[in-house]
Amino acid sequence: MASIFNLAGVGLSSPAAAPRRSRGGGFAGAAERARTRRVVSVRAEVQAINPEIRKSEDKVVDSVVVSELSKPLTAYCRCWRSGTFPLCDGSHVKHNKATGDNVGPLLLKKPKE
């Protein structure tokens, strides 16, 4: 079994990366690990995503016509704040107000037939 010292060589030196002992003294099995929940928090920095591209526009939105689309219009997120990423949910509006940025979605459009 690998020890914390063996794991440190690959950048996994945190106590969470080390094998855990189970109640019976052996190493924790898959069932015991499955019951353990880990919480990961991501801190979003409040800064502009678009520092220099087309800053004279209120919102930077690009449209691309793609004939192989199933929907007539699909908006993809470019602010990295969307709860439905990679699709846009409008989160850029709140981001733009907070930072003064002008980022908007990428729109893929199906051509009119």
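Here is a short tour of the salt bridges in this structure, stop by stop.

Before you start selecting, note that this is a predicted model, where local features need pLDDT of at least 70, side-chain atom pairs count only at pLDDT 80 or more, and totals for chains, interfaces and linings use all residues. Residues are numbered from 1 along each chain as its sequence is written, and side-chain values use heavy atoms, with hydrogens and water left out.

The structure holds four salt bridges (a side-chain nitrogen of Lys or Arg within 4 Å of a carboxyl oxygen of Asp or Glu).

**Stop one: R54 and E57.** Select this pair and you will find a salt bridge whose closest N and O atoms are 2.9 Å apart. E57 is partly exposed at 34% relative accessibility, and R54 is partly exposed at 31% (buried means under 20% relative accessible area, exposed over 50%, partly exposed in between, with a 1.4 Å probe and protein chains only).

**Stop two: R78 and D62.** Next, show these two side chains, which meet in a salt bridge at 2.8 Å, N to O. R78 sits in the loop between β2 (73-76) and α3, while D62 belongs to strand β1, 16 residues apart (helices, H or I, at least four residues, and strands, E, at least two, are DSSP runs numbered from the N terminus). Now select R54, E57, D62 and R78 together: they are linked in a network of salt bridges.

**Stop three: K55 and D101.** Finally, pick this salt bridge, with its closest N and O atoms 3.3 Å apart. K55 is partly exposed at 38% relative accessibility, whereas D101 is buried at 5%.
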